[in-house]
Amino acid sequence: MQTIPLPQNIKDEFQTFEALLNGSKEPPLHAIRTQAWGQLQELGIPGPKSEDYRNTPIGKKLSNTVSTNTKTESYWNEKTIKNSKGPNIKGYKIILINGRFDPDLSDAIPGDIGVEITPLNTALGSNQEWVEDFNKRFKGHGNEPFVLLNNAFLKNGYCLKIKEGAQIKDPFLIYHFTDEGGGSAVENCKNFIHAGASSKCAVFTFHYHHGAGNTLINYGEDIIVEANAHLDFLKIQDQTEELFSVDNTRVLQEKDSRFTIFTLSSHGSMIRNNLHIGLNDSGIESNMYGLYLLDGQAHVDHHTIVDHRMPHSVSNELYKGVIDDAAHGVFNGKIFVRKDAQKTNAFQSNKNILLSDDAVINTKPQLEIWADDVKCSHGCTTGQLDEEAQFYLQTRGLSKKSARAMLLFAFAVDVLEHISNTEVKSYLTEIIQKRLNPS
């Protein structure tokens with residue numbers, strides 16, 4: 001990876017962060033921070049010639065972020081959060097403001113459902129061994145610069161523990177509210193989710209940002225899905241055109257587990273979604289679905305890695321994009337099938353529609369196989385709206401605008417078939433309809 005040195009504003013941020021830790025520098029957690037910071041300084045951040053980031057100039061944008069270290073009051077409070085347009089979905093609401101878990105604004109979690117959720121800074125003080133174990137189990141996931149950056153600033157976020165055998169009916173609704181109030185170059189938020197053996201749960205995340213987008217919001221989710229556990233995870237990136245973020249979701253699955261992730265991206269000045277799933281045993285099912293609906297100057301980049309390490313597992317991956325105006329979409333999907341991963345079924349597909357001459361899509365599906373008894377496929381398509389189909393609908397009485405919206409909706413909506421929660425499916429359907437058929 002070709003990189004450039006860390007911007008000075010990030011170095012200044014870390015010095016300030018270190019100074020504020022005071023008595024929180026005890027091992028082993030501070031060792032995680034300092035090791036990550038050392039690796040990050042050596043590695044640098046992705047430059048214009050970095051293969052994985054060559055279509056997303058994130059280093060240049062990061063160098064222009066603010067770094068005043070002036071602590072001002074956040075835009076977000078009980079009133080502004082209540083006035084924000086959120087989904088009407090039944091579930092347990094968890095509120096984070098600039099990465100900090102706010103228990104007063106969040107729902108109280110019943111003690112008898114088999115779930116424990118705590119602010120990360122609390123877990124760092126009371127359960128360091130648990131966080132350290134997570135860090136060790138993800139050692140094999142490589143040195144992604146923004147994971148290192150998140151680990152270097154390890155403090156804000158949440159820990160969600162789903163106990164063995166727990167069957168959670170209602171989803172956890174994680175609301176991330178961010179703004180420029182901290183005056184920082186980077187706001188870091190690191191979240192840990194542990195689905196115990198034979199448990200079942202769903203986690204939905206929503207992102208709201210207020211401000212000019214001069215701060216990088218650096219999210220990280222480390223997720224472990226133990227044997228025979230089922231976990232659904234949704235990321236909704238819809239609420240703001242100014243969002244500048246990187247999201248690293250790293251997943252480890254154990255025997256007979258099932259993990260499904262769905263990502264909707266419809267706004268953002270620059271969003272990078274990294275997804276890395278490791279299938280550690282047999283009988284595993286991994287499902288990855290994504291939809292990006294981009295217009296204006298939006299830039300959304302999806303990079304996925306699926307690593308089949310053992311036999312008799314399945315992965316399904318489908319990402320679709322509708323890109324208009326001067327928006328830019330990127331999809332780079334990698335599937336690895338290791339030598340021991342015989343009887344693997346792995347499928348990957350990326351499909352795109354470009355609606356203007358200035359719209360851009362860079363797509364690169366990749367498949368590397370070392371086993372000889374597998375069923376694998378990958379591919380991508382890029383095209384324009386079917387004019388004959390649109391004309392046919394117009395001859396049946398639809399306006400050109402309505403015919404266009406109907407065709408685009410039919411292209412996009414099938415990704416939602418894989419979402420089981422009817423309330424969130426209705427919410428996403430409404431988002432798609434409004435985006436593809438604006439009034």
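Helix 9 (residues 400-413) packs against helix 10 (residues 422-436) at an angle of about 140°, and their axes lie 9 Å apart. Helices here are DSSP runs of H or I with at least four residues, and strands are runs of E with at least two, numbered from the N terminus. Axes are lines fitted to C-alpha atoms over the stretch in contact, with angles from 0 to 180 degrees between N-to-C directions. Helix 9 contributes Arg 404, Ala 405, Leu 408, Phe 409 and Ala 412 to the contact (heavy atoms within 4.5 Å), while helix 10 contributes Thr 429, Ile 432, Gln 433 and Leu 436.

The model is predicted: local features require pLDDT of at least 70 and side-chain atom pairs pLDDT 80 or more, whereas totals for chains, interfaces and linings use all residues. Residues are numbered from 1 along each chain as its sequence is written, and side-chain values use heavy atoms, without hydrogens or water.

In soluble globular proteins, nonpolar side chains tend to be buried together. The largest nonpolar core here has 52 residues, with Ile 162 and Phe 172 making the most contacts inside it. Such a core joins buried Ala, Val, Leu, Ile, Met, Phe, Trp, Tyr and Cys residues through side-chain atoms within 4.5 Å. Beyond four places in sequence, Phe 172 touches residues including Tyr 92, Ile 109, Leu 160 and Phe 204.

Thr 344 occupies the loop between strand 18 (328-337) and strand 19 (345-354). Thr 344 counts as buried because its relative accessibility is 0%, the limit being under 20% relative accessible area with a 1.4 Å probe, protein chains only. Its side chain reaches the backbone oxygen of Ala 341 at 2.7 Å.

Key
Buried means under 20% relative accessible area, exposed over 50%, partly exposed in between (1.4 Å probe, protein chains only). A polar contact is a pair of N or O atoms within 3.5 Å; within protein, one must be able to donate a hydrogen and the other to accept it, and residues adjacent in sequence count only if both atoms are side-chain atoms.
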